[in-house]
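This report covers a protein–DNA model.

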Number of protein chains: 2
Amino acid sequence: MTPSRSSDALRAAQLYYLQDLTMDAIARELRTSRSTVSRLLSSARESGLVQIQIRSPLDTGPELASMIRAEYKVDVHVVPVVDTLNEAETLDRVAMQAARTIGPLVDSNAIIGVAWGSTLSAVSRHLTRKITHDSVIVQLNGAGNMQTTGITYASDIMRRFGSAYGARVEQFPVPAFFDHAATKKAMWNERSVQRILQLQARMSIAIFGVGSVDADYPSHVYAGGYLDEDDLNVLATSDVVGDVATVFFRADGSADGITLNERSTGPDLAQLRQVRRRICVVSGASKINGLRGALAAGLATDLILDEASARRLVSFDGAS
Amino acid sequence: MTPSRSSDALRAAQLYYLQDLTMDAIARELRTSRSTVSRLLSSARESGLVQIQIRSPLDTGPELASMIRAEYKVDVHVVPVVDTLNEAETLDRVAMQAARTIGPLVDSNAIIGVAWGSTLSAVSRHLTRKITHDSVIVQLNGAGNMQTTGITYASDIMRRFGSAYGARVEQFPVPAFFDHAATKKAMWNERSVQRILQLQARMSIAIFGVGSVDADYPSHVYAGGYLDEDDLNVLATSDVVGDVATVFFRADGSADGITLNERSTGPDLAQLRQVRRRICVVSGASKINGLRGALAAGLATDLILDEASARRLVSFDGAS
DNA sequence: AAGCACTATGCACAAACGTGCAGAACGGAA
DNA sequence: TTCCGTTCTGCACGTTTGTGCATAGTGCTT
């Protein structure tokens, strides 16, 4: 983009959003055509020059949101969706709103931890650009599995975050689960791994979805070849309800004694809770049990979820 | 506004600004007409539910802005205006942009000091609503003069600020200048005055214009019957260049020994400099000398001014 | 219950806006 | 310089949005 083009965009944005001129008037002022102004403005929006955000009145909001807020002590954003939408469309809507809600929270010098999965993938596709300096995107958990290194899928997500915020991307090149806890211990002492772990320890924002063991169609983790028969059996017969970044927990939010976690590569729950801003994105009512566990564990400070899930979350018999 | 209407507005705003639906689609979703949605959205914007802000890239911005930023160490917002506009139209544009720039800075529990004058009056007319709690608007300096109590003019400004931000308004019912410094001393010990002074001491934001002694058509202070012949003569023969909230200063920003200030009711410069955020709004190139003085005195952390003034500010021979 | 004042709604029209397309302008490479 | 590929621009069209006006709804008074 030529030097004067972006300054034209700034000028147009000021005139349009701050002074309420029409594009026509702006065109005359910039000696160009109205269509160019239209394009300048959309580039100003896309590049994050113009930030539009919605501050829902925290107290007086729709009851659904305030009930969740009161019960779970999280900052909740209920995404309105019509019930005629299917799962995929809902996810898309939730992801779009999540992406735009996250935008304003990202700042310079941020260290942003990002998990991976279908939810995060959808979110990453809708991020709006925002110029920041010296920000880092760090992968929360490994993505390799028995069939593939899982690199492309997870790294696409990371890359999109990185380019939206002009941030350095730090991948975590380990499998999602080690076969042996001992290998993990060993690797965790490697300096290359240590670098990532130390970044994770300094995260200012973490963004993740949840997996739910009993989801109608299960998440990547449960179906993607990351776990073998035995592991899945253990999960099924234990009282694990879900996971965040491949770290498992029970309905009450506890995780002690879940052996699988000793082989998992995500940050343990205590560490995750250290992060100042922890954004959980959920779409699809079938994740409700996993979500309940995550909330019980206090994993999220911000929750973005679709309306249907929000409704089930507050209904007491939602545990079906 | 009925309870469900504002929640409809929130919903519409989310669908429109965060999910990119058309108003038509939103209308179907809310089972209402498209025109109602249009109106819901504009009420959402007006009520501050939707916040649009422009983050000008601090480093790479147009040189004009960055030169001022570098030279005077203030956060500067140059308001683009066509040069065919007259003073009044320019003021209006600057005021509109100032009002919208200030909006996002106002927060709950803020104590906002507001001066008065034609600039502030214009700004007050363009404020966008924003819901805050327990904010206070406090008047920076008295407004009475020899002819009138000056109450209505200044208090209209205050009232508009108050209602835009849902804030309590604290007027300062004293003349702009006392006739005798001794009277001021006495009044300053009154408890009613003390209350205001203590609020001022705790200000988190101050908003003011500048007066310039040599302005083409002089500000309220110099023309409105606030000062008598003698005072004006003293000003003319001294090296005073301008004032902020009826407190005068010289080109180098100094104010010591200016006797008029002992009778003036505005906060002294040292006190003003204590305020975290000090927003100076300037429209009209003839205020340039006053502005230079104010900047030399370090009175502003944020400067909003029109393009022509910005240009004169950086040109070395602007002192004409 | 009727009357009244005020607000909200939908319609219809005009204004404002986004975008595919064809041509112009630009920036190398030969 | 000419050529070619790429990007930018303005036009024209269809879509989307704002708004005056007549009507319907709502709440308060008598």
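## Surface near DNA strand D

The residues of the surface near DNA strand D comprise two nonpolar, seven polar and six charged; Ala, Val, Leu, Ile, Met, Phe, Trp, Tyr, Cys and Pro count as nonpolar, Asp, Glu, Lys and Arg as charged, and the others, Gly among them, as polar. The model is predicted: local features need pLDDT of at least 70 and side-chain atom pairs count only at pLDDT 80 or more, while totals for chains, interfaces and linings use all residues. Residues are numbered from 1 along each chain as its sequence is written, chains are lettered from A and ligands numbered from 1 in the order in which they are written, and side-chain values use heavy atoms, with hydrogens and water left out.

DNA strand D is surrounded by 15 residues, of which Thr32(A), Arg39(A), Met23(B), Arg34(B) and Ser38(B) are the closest; a residue is near a strand if one of its heavy atoms lies within 4 Å of it. Sugar or phosphate accounts for 49% of the atoms of DNA strand D within 4 Å of the protein, and bases for the rest. The side chain of Ser35(A) has an N or O atom 3.4 Å from a base nitrogen of DNA strand D. H3 of chain A and H3 of chain B are the elements that give two or more residues to this surface; helices (H or I, at least four residues) and strands (E, at least two) are DSSP runs, numbered from the N terminus. H3(B) gives the most, with five residues.

## Surface near DNA strand C

DNA strand C has 15 residues around it, and Tyr16(A), Met23(A), Arg34(A), Ser38(A) and Thr32(B) come nearest. Two of the residues of this surface are nonpolar, seven polar and six charged. Of the atoms of DNA strand C within 4 Å of the protein, 46% are sugar or phosphate atoms and the rest belong to bases.

A polar backbone atom of Met23(A) is 2.8 Å from a phosphate oxygen of DNA strand C. Base oxygens of DNA strand C are approached by side chains of both chains: a polar atom of Arg34(A) lies at 2.8 Å, and an N or O atom of Arg39(B) at 2.9 Å. Two or more residues each come from helix H3 (34-46) of chain A and helix H3 (34-46) of chain B. The largest share, five residues, is from H3(A).

## Relation of the two protein chains

## Salt bridges

Over all chains there are 18 salt bridges, each a side-chain nitrogen of Lys or Arg within 4 Å of a carboxyl oxygen of Asp or Glu. Asp302(A) and Arg277(A) form one of them (3.2 Å, N to O). Asp302(A) is in strand S11 (residues 302-306) of chain A and Arg277(A) in strand S10 (residues 277-282) of chain A, so the pair ties together parts 25 residues apart in sequence. Asp302(A) is buried, at 4% relative accessibility, whereas Arg277(A) is partly exposed at 30%; buried means under 20% relative accessible area, exposed over 50%, and partly exposed in between (1.4 Å probe, protein chains only).

Arg159(A) and Asp156(A) also meet in a salt bridge (3.2 Å, N to O). Both lie in helix H7 (residues 151-165) of chain A, three residues apart, about one turn of the helix. Arg159(B) and Asp156(B) likewise form a salt bridge (3.1 Å, N to O).

## Asn86(B)

Asn86(B) is in the loop between strand S2 (75-79) and helix H5 (87-102) of chain B, and is partly exposed at 41% relative accessibility. Its side chain reaches the backbone nitrogen of Glu89(B) at 2.8 Å, and a polar atom of that side chain lies 3.0 Å from the backbone nitrogen of Ala88(B).

Technical notes:
A polar contact is a pair of N or O atoms within 3.5 Å; within protein, one must be able to donate a hydrogen and the other to accept it, and residues adjacent in sequence count only if both atoms are side-chain atoms.
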